[in-house]
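Please work through the following exercises with the sequence and the structure at hand. Each task is followed by a solution in steps.

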Amino acid sequence: MNLALIGLASSGKTTLLKALAAGHLPHAGSPNEPAVAVVKVPDERLDKLAALVQAKKTTYLELRIYDFPSFSVGKKGPPPQLLGSLATNDLLVHVVRAFHDDSVPHPLESVDPARDIAAMDLELILADLGIVERRIERLTTEMRSLPAGARGAQEREMTLLRRLKAALEDEKPIRSLGLGADDKTLLGGFNLLTLKPMLTVLNVDEADAGRADELEARFRAQSGLDSAVVGLAAKAEADVAELPLEEAVEFRSELGLPEETAAARLLREAVSLLGLITFFTAGQQDAHAWSVPAGTPAVTAAGRIHSDIERGFIRAEVVGWQELLTAGSHAEAKKRGVLRVEGKTYEVKDGHVINVLFNV
Ligand SMILES: Nc1nc2c(ncn2[C@@H]2O[C@H](COP(=O)(O)OP(=O)(O)OP(=O)(O)O)[C@@H](O)[C@H]2O)c(=O)[nH]1
Ligand SMILES: [Mg+2]
């Protein structure tokens with residue numbers, strides 16, 4: 001899964017990427033390619049499972065995060081190739097400046113997160129409107145060349161496109177329409193940016209880092225923003241991310257930063273916005289976190305681990321991570337009746353530890 005950090009100049013994108021990459025320098029980009037870092041998603045559940053089974057290795061979920069060049073908004077707007085490469089990402093993370101620092105100029109000359117969010121949304125909405133209008137034009141021509149009785153699919157698409165156009169003209173992102181899976185499939189090839197899930201990061205002053213959740217809630221109420229918001233102090237988080245673990249813990253409390261790192265919170269939120277659930281396999285060789293779309297049946301989830309396991313699937317032993325920890329072992333979990341045996345169609349849930357019995 002790919003995440004794109006977007007935002008106005010100097011909103012803190014690069015600083016945030018450093019915080020997320022926890023001290024590892026991201027691969028530098030070139031003028032045409034954004035810098036990228038592959039980031040492990042911290043997960044305490046997995047840490048505890050790994051300790052329980054004394055796993056030799058722990059494998060976290062990984063997300064690829066791109067640090068996009070800043071967006072210009074207003075008259076000029078972002079260049080088309082920038083919008084084009086954004087479209088290959090699964091989640092847009094809008095980094096919005098809420099920090100005050102006279103030594104860092106703001107491209108719109110004042111700190112006003114609500115205005116910046118609206119400006120960014122509008123650029124993305126205009127880009128999508130262009131795509132939708134061009135598609136409507138092409139489809140209209142196509143329909144003219146078809147006999148009236150043979151336009152079913154085209155008419156269905158046209159109805160959907162008109163609905164999108166109306167929403168976009170009303171300055172609403174397409175994601176706000178709550179489209180069903182069929183409609184989303186139909187739109188799959190169009191690279192619509194406002195159809196993608198979006199996470200807004202409020203980059204607050206270091207002094208406010210300890211009450212980021214309060215600021216988040218207040219901001220959401222004031223701005224009427226309905227998408228996900230995470231408040232964090234990117235610079236302080238990036239500085240602390242450079243430190244060894246024990247010092248980092250000490251520094252966090254000294255600086256009044258929340259105990260959980262901004263990286264952990266943001267990445268957890270990202271996984272959930274992507275519609276993914278996390279399940280685990282806990283073997284002595286490897287305690288491993290896997291992600292699948294919510295609603296995935298056990299047999300398909302098994303295929304994430306290995307295609308042989310999917311092919312030879314017999315049944316899955318399933319237990320909640322907390323239940324397994326409380327029981328202390330798979331055998332004890334079985335005795336207590338908290339370990340269930342499930343078949344191919346069983347829907348895997350977030351936090352499940354799974355052992356697939358298979359035969360190839
Ligand atoms: N005081 C303060 N400064 C910050 C914070 N986050 C970023 N900065 C500073 O703001 C400046 C710009 O930050 P960057 O992370 O480079 O911003 P950017 O969005 O990557 O900027 P561009 O790539 O130029 O668009 C740097 O000097 C940062 O140190 C913050 O939370 N507080
Ligand atoms: Mg940058």
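**Exercise 1.** Determine whether Gln54 is buried or exposed, and describe its place and its phi angle.

*Solution.* Step 1: Gln54 has a relative accessible area of 65%, so this residue counts as exposed; the classes are buried under 20%, exposed over 50% and partly exposed in between, with a 1.4 Å probe and protein chains only. Step 2: Gln54 is located in the loop that runs between helix H2 (44-53) and strand S3 (58-59). Helices (H or I, at least four residues) and strands (E, at least two) are DSSP runs, numbered from the N terminus. Step 3: the phi angle of Gln54 is near 50°, which is positive although the residue is not glycine.

The model is predicted: local features need pLDDT of at least 70, side-chain atom pairs count only at pLDDT 80 or more, and totals for chains, interfaces and linings use all residues. Residues are numbered from 1 along each chain as its sequence is written, chains are lettered from A and ligands numbered from 1 in the order in which they are written, and side-chain values use heavy atoms, without hydrogens and water.

**Exercise 2.** State which residues form an aromatic pair, and give its geometry.

*Solution.* Step 1: rings of Phe, Tyr and Trp (its six-membered ring) pair if their centres lie within 6.5 Å; planes under 30 degrees apart are stacked, over 60 edge-to-face and the rest tilted. Step 2: this rule gives one aromatic pair. Step 3: Tyr66 and Phe68 form the pair, with 6.5 Å centre to centre and 65° between the planes, and it is edge-to-face. Step 4: Phe68 counts as buried because its relative accessibility is 3%.

**Exercise 3.** Describe the surroundings of ligand 1.

*Solution.* Step 1: ligand 1 is surrounded by 15 residues, each with a heavy atom within 4 Å; Gly12, Lys13, Thr14, Thr15 and Asn203 are the closest. Step 2: H1 gives the largest share of this shell, three residues. Step 3: an oxygen atom of ligand 1 is 2.8 Å from an N or O atom in the side chain of Thr14, and for the side chain of Thr15 the corresponding distance is 2.4 Å.

Key. A polar contact is a pair of N or O atoms within 3.5 Å; within protein, one must be able to donate a hydrogen and the other to accept it, and residues adjacent in sequence count only if both atoms are side-chain atoms.
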